[in-house]
Amino acid sequence: MNDPVDPESNPFDRVVGHWEQVIEDMAATATQYRDNGREAIELHPGDVAVLTGEPRTMAEQTGEYEPETRRLGFDVVVPGDEFRRVADALEDRTVERSEVFRATDDGMVFLLVALECGDDLAVLVPLYYDKTDRADLSQVAADHGLYSHIRPLTDDEVVTVTHEDPEPFFPE
């Protein structure tokens, strides 16, 4: 069993300093969008998880429960007010283009995804994942597409965004 304080099994120390930089970069990017006349919604996830379909919950493993649709890609948990804002903003808009800013360090991949909706809106979604998840996440993207599932902590609603071009999510 992995020791949660072992830096190899718990990436917190490898994430926190870099994550602060990603959030600062997001604020600067949002300012650029606003200066260009766009609304910019900044998301501040409390958790980002990679969903590859495994491991399944105990109920799924025993056959007691099988979800209708398994979420794959990124699970992005944001504060309720931020979720409501992005859900309302994307309700009648289509993400036309994504720009992915990326960095790697300490065995982690850090991403800032700008979801552009026309000329008037950009939703900024910071993400990260451990490089050890790259192969599985890349395989999920190849087999099923790449998605970000943005949701509040309660998990009773979700906004799912399809990333048409997964390549920028996988830097060398």
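Biologist: In what order do the strands of the open sheet stand, and what pairing does the sheet have?

Modeller: In this predicted model, the open sheet has 4 strands in the order S1-S6-S5-S4, and its pairing is mixed. Strand S1 (39-42) and strand S4 (97-105) stand at the edges with a single partner strand each, so one side of each is left without a neighbour in the sheet. On average, and with direction ignored, neighbouring strands of this sheet are turned by 20° against each other.

Biologist: Which strands does helix H3 lie across?

Modeller: Helix H3, residues 80-90, lies across S1, S5 and S6, and runs at about 140° to S1.

Biologist: How is a pair of aromatic rings described?

Modeller: The description rests on the distance of the centres and the angle of the planes. The structure holds 5 aromatic pairs, among them the tilted pair of Phe110 and Tyr128, with 6.5 Å centre to centre and 35° between the planes. Phe110 belongs to strand S5 (residues 108-117) and Tyr128 to strand S6 (residues 121-130), so the pair ties together parts that are 18 residues apart in sequence.

Biologist: Are Phe110 and Tyr128 buried or exposed?

Modeller: Both Phe110 and Tyr128 are buried.

Biologist: Which residues do ring pairs link into a cluster?

Modeller: That cluster consists of Phe74, Tyr129, Phe169 and Phe170, linked by ring pairs.

Notes
Residues are numbered from 1 along each chain as its sequence is written. This is a predicted model: local features need pLDDT of at least 70, side-chain atom pairs count only at pLDDT 80 or more; totals for chains, interfaces and linings use all residues. Side-chain values use heavy atoms; hydrogens and water are left out. Rings of Phe, Tyr and Trp (its six-membered ring) pair if their centres lie within 6.5 Å; planes under 30 degrees apart count as stacked, over 60 as edge-to-face and the rest as tilted. Helices (H or I, at least four residues) and strands (E, at least two) are DSSP runs, numbered from the N terminus. Buried means under 20% relative accessible area, exposed over 50%, partly exposed in between (1.4 Å probe, protein chains only). Two strands pair if DSSP finds at least two bridges between them. Axes are lines fitted to C-alpha atoms, for helices over the stretch in contact, and angles run from 0 to 180 degrees between N-to-C directions. Contact means heavy atoms within 4.5 Å.
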